[in-house]
Structures are given as structure tokens and as C-alpha cells.
Amino acid sequence: MKLKKLIIASVFGSMSLTAMAGTSQFCSGDLIFDQPPNQVNGNFIDLSCSSCGTGVQVIAENFIIPSDALIEEFVIYAGYYDTNTPLATDLWTVNIHEDNGGEPGNIIYTEDLVSSSREVTGVVLFGVDEYRINLSLQTPQALTMGTYWVEIHNDTGANADDVFWEQGDLDQMNGVDGSRFATEYPVATWNTDPGNFALQICDSDLIFKNGFDFNPTP
Ligand SMILES: [Ca+2]
Ligand SMILES: [Ca+2]
């Protein structure tokens with residue numbers, strides 16, 4: 001099956017975007033994973049994808065947790081293609097998968113209607129605004145050291161636009177090159193794509209401990 005993606009190389013031409021692809025932190029806690037958006041490409045993540053052959057496409061991106069961490073937020077970069085019309089209320093789903101020999105394995109956490117916020121970054125790609133999306137899990141996940149996958153998608157329903165996840169530069173420490181995509185949901189078959197996606201993850205463990213005293217009588 002062919003992966004539906006967008007190519008914008010001609011849009012930017014020789015324009016330098018180096019200054020925009022910085023390493024600013026947009027999640028709370030210790031930044032442990034950072035794949036900054038690179039304004040090169042984006043792939044659809046939408047259950048109502050009129051641009052996709054089957055009408056559905058989802059993506060799973062892999063990440064390494066270097067030491068036990070509490071994950072409560074994912075930051076991604078996305079856009080609403082091609083009329084630049086965001087949903088009044090985004091319908092984000094987040095699935096965290098175990099790693100199964102280099103492939104997305106069992107789902108260890110799933111949440112629909114994830115609490116989210118979005119902010120226009122000022123970058124325009126594919127002719128639409130680049131949005132930074134913060135996704136906050138209802139139940140923060142304590143993940144032990146290891147490799148995981150996160151599958152994130154929206155559902156634009158009757159909205160004319162399709163949501164894409166912008167690609168990013170591989171995290172050289174905790175990233176794993178490549179990703180997986182599927183053209184049905186729930187996923188039956190994962191397919192390989194060489195792309196990596198713009199994603200930031202923080203360990204909020206310290207904040208969590210400071211906010212809730214688990215051990216009042218040390
Ligand atoms: Ca759509
Ligand atoms: Ca990857």
C-alpha cells in the first residue's frame with residue numbers, strides 16, 4: 001500500500017528555516033525526547049482522511065525511554081490540509097504500544113478525546129498553518145526504561161480537511177530511525193516508512209512527586 005504524504009520541497013525552496021527548528025521545550029519536566037519539526041514533509045493521521053486511499057491513515061512513532069519516567073504529555077506538530085480549517089474541538093486519540101521486536105506491540109495505554117491545546121507557530125507549510133499540539137494524558141503513564149511506540153490520530157469527520165503529522169529530525173540519543181503506518185483502524189497491518197515525526201516527550205516525574213506527597217513520614 002502506498003503511504004499518503006505531502007511533499008513541500010518546492011514551497012520553501014532556498015528559504016532557510018534553521019532558526020525555526022530549534023530545541024525549545026514545550027512539555028513540562030525533563031526533556032527526554034526531542035524530534036523538532038523540520039518543515040520537510042507531513043503524513044496524514046486521520047480516521048476521516050479524504051486524501052487517503054482507504055479513507056484512514058494512522059502512524060506509530062518509536063521512542064526510547066532512557067530511564068524510568070512518568071509520561072503525561074506528547075507534543076506534536078500538525079496541520080489541517082488543505083483549507084487550514086481546524087476542528088472546533090480536536091478529536092485526538094493516543095495509543096501507547098509496547099515494542100515487539102522492532103514493531104508496535106500490545107497497546108498499554110489508550111485514550112480517546114485526549115485533552116489538547118494547539119498553537120500556531122507562525123510557520124506555513126503545504127499552504128496551511130503549522131500547529132504545535134500539546135496532548136495531555138488523563139492518566140500519566142509510568143514507563144520503565146525501554147522502547148515504545150506512540151500512535152496518535154485525529155478524526156476530522158465531516159470537516160473538509162485532513163490532519164497531518166509533520167515529520168521531524170531524528171532524536172540522535174533516544175530516537176529510532178523510521179516509523180510505521182497503517183491504512184485501517186483498529187490497525188491490522190503495520191507498514192514501514194523511513195520518516196520520523198516531530199515529537200517531544202518530557203519526564204514529569206519530579207513535578208508529579210512535588211505535587212503529591214507520597215511519603216509524608218520519611
Ligand atoms: Ca477529513
Ligand atoms: Ca522513528
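The dialogue below sets the values for this structure against the definitions of the terms.

Mentor: Please note that this is a predicted model, in which local features need pLDDT of at least 70, side-chain atom pairs count only at pLDDT 80 or more, and totals for chains, interfaces and linings use all residues. Residues are numbered from 1 along each chain as its sequence is written, while chains are lettered from A and ligands numbered from 1 in the order in which they are written.

Trainee: How do you know what confidence the predictor has in the chain?

Mentor: The score is pLDDT, the predictor's confidence in each residue, from 0 to 100. The chain averages 89, and 83% of the residues score at least 70. Residues 7–22 stay under 50, and the model has 14 contacts beyond four places in sequence for them. Residues 213–218 also stay under 50, with 1 contact of that kind. Two residues are in contact if their C-beta atoms, placed from the backbone, lie within 7 Å.

Trainee: Why is Glu98 called partly exposed?

Mentor: A residue is buried if 20 or more other C-beta atoms lie within 10 Å of its own, exposed if 12 or fewer, and partly exposed in between; the C-beta atoms are placed from the backbone. Glu98 has 15 C-beta neighbours inside 10 Å, so it counts as partly exposed. Of the 218 residues of the chain, 38% count as buried.

Trainee: Where is Glu98 placed, and what does it touch?

Mentor: Glu98 lies in strand S6. Helices (H or I, at least four residues) and strands (E, at least two) are DSSP runs, numbered from the N terminus; the chain has 2 helices and 14 strands. Not counting residues up to four places away in sequence, Glu98 touches Gly105, Asn106, Ile108 and Tyr148.

Trainee: What makes S6 and S7 a pair?

Mentor: Two strands pair if DSSP finds at least two bridges between them. Strand S6 (residues 93–100) is joined to S7 by 6 bridges, and the two run antiparallel; Val94 stands opposite Glu111 in S7. Both belong to an open sheet of 6 strands in the order S7-S6-S10-S4-S12-S13, with antiparallel pairing.

Trainee: Why are S7 and S13 said to stand at the edges?

Mentor: Strand S7 (103–111) and strand S13 (191–193) each have a single partner strand, so one side of each is left without a neighbour in the sheet.

Trainee: What makes strand S14 largely enclosed?

Mentor: In strand S14 (residues 199–203), 5 of the 5 residues are buried, so the strand is largely enclosed by the rest of the structure. Leu199, Ile201 and Asp203 point one way, whereas Gln200 and Cys202 point the other way. In a regular strand the side chains alternate between the two faces of the sheet.

Trainee: What is meant by the largest nonpolar core?

Mentor: A nonpolar core is a set of buried Ala, Val, Leu, Ile, Met, Phe, Trp, Tyr and Cys residues joined through C-beta atoms within 7 Å. The largest here has 45 residues, and Phe74, Ile76, Val150, Ile152, Leu199 and Ile201 have the most contacts inside it. Strand S5 (residues 69–81) gives the largest share, 9 residues.
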